[in-house]
Amino acid sequence: MHLVIISGSVFGTANLVADEAQTLLSNAGVQVSRLQPLSLDALLALAPDVLLVCTSTTGMGELPDTLVPLFHEMRDRFPLLTGKPFGVIALGDSAYGDTFCLAGEQFRELLLELQASEALPMLRLDASETVTPETDAEPWLQELVGLLQD
């Protein structure tokens with residue numbers, strides 16, 4: 001089982017969550033790679049069995065600048081990911097109302113359009129409620145590990 005983590009962050013918090021996910025999943029025996037560079041060709045070369053996206057939301061609900069090129073490349077080239085399980089951890093601030101975790105929702109919708117299969121409902125981490133999102137993600141990540149080991 002090879003899981004690839006795609007992460008995009010403005011201030012580094014989503015990358016911290018991705019780091020925690022990588023550690024937790026690796027310790028559970030899952031082969032984990034981080035997507036670098038953030039390109040579709042690099043993603044396809046890794047041939048993942050599972051995808052995990054960790055992204056913050058910026059501005060008026062936009063993706064972080066680091067994820068925008070990959071998102072557009074996936075949308076434009078449309079590589080079918082039929083049945084490939086994925087999960088999304090979205091970081092945002094509920095004080096921004098309608099744009100809360102919108103970047104994660106955009107990536108989730110794209111993966112569904114590419115016919116990937118959502119393994120778990122998207123995890124939304126609220127900066128208004130937590131200062132330790134990497135810790136708050138652990139129960140969700142443990143549930144993901146359980147699904148992958150079944």
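How many residues does helix H6 have, and how far does the helix reach from its first C-alpha to its last? Helix H6 (residues 138–149) has twelve residues and reaches 16 Å, close to the 16 Å expected at 1.5 Å a residue, where the expected span is 1.5 Å times one less than the number of residues. This is a predicted model, in which local features need pLDDT of at least 70 and side-chain atom pairs count only at pLDDT 80 or more, while totals for chains, interfaces and linings use all residues. Residues are numbered from 1 along each chain as its sequence is written, and side-chain values use heavy atoms, with hydrogens and water left out.

**Helix H6**
- The buried residues of H6 are Trp140, Leu141, Leu144, Val145 and Leu148, buried meaning under 20% relative accessible area, exposed over 50% and partly exposed in between, with a 1.4 Å probe and protein chains only.
- These residues cover an arc of only 145° around the axis, which puts them on the same side of H6; the arc is that of the directions from the helix axis to the C-beta atoms.
- On the other side of H6, Pro139 and Gln149 are exposed.
- Strand S1 (2–8), helix H1 (13–27), strand S3 (50–56), S4 and S6 are included in what covers the buried residues of H6, with helices (H or I, at least four residues) and strands (E, at least two) taken as DSSP runs numbered from the N terminus.

**Helix H4**
- In helix H4, the buried residues are Ala103, Gly104, Phe107, Arg108, Leu110 and Leu111.
- Seen down the axis of H4, these buried residues fall within an arc of 160°, so they line one face of the helix.
- Their cover includes S3, helix H3 (68–77), S4 and strand S5 (117–118).
- Gln115, which follows H4, has a positive phi, near 70°.

- Thr55 has its place in strand S3 and counts as buried, at 0% relative accessibility.
- Not counting residues up to four places away in sequence, Thr55 touches several residues, including Gly8, Ile89, Ala103 and Gly104, a contact being heavy atoms within 4.5 Å.
- Glu129 lies in the loop between S6 and helix H5 (133–136) and, at 70% relative accessibility, counts as exposed.
- Although Glu129 and Asp93 are 36 residues apart along the chain, their C-alpha atoms are separated by 8.5 Å.
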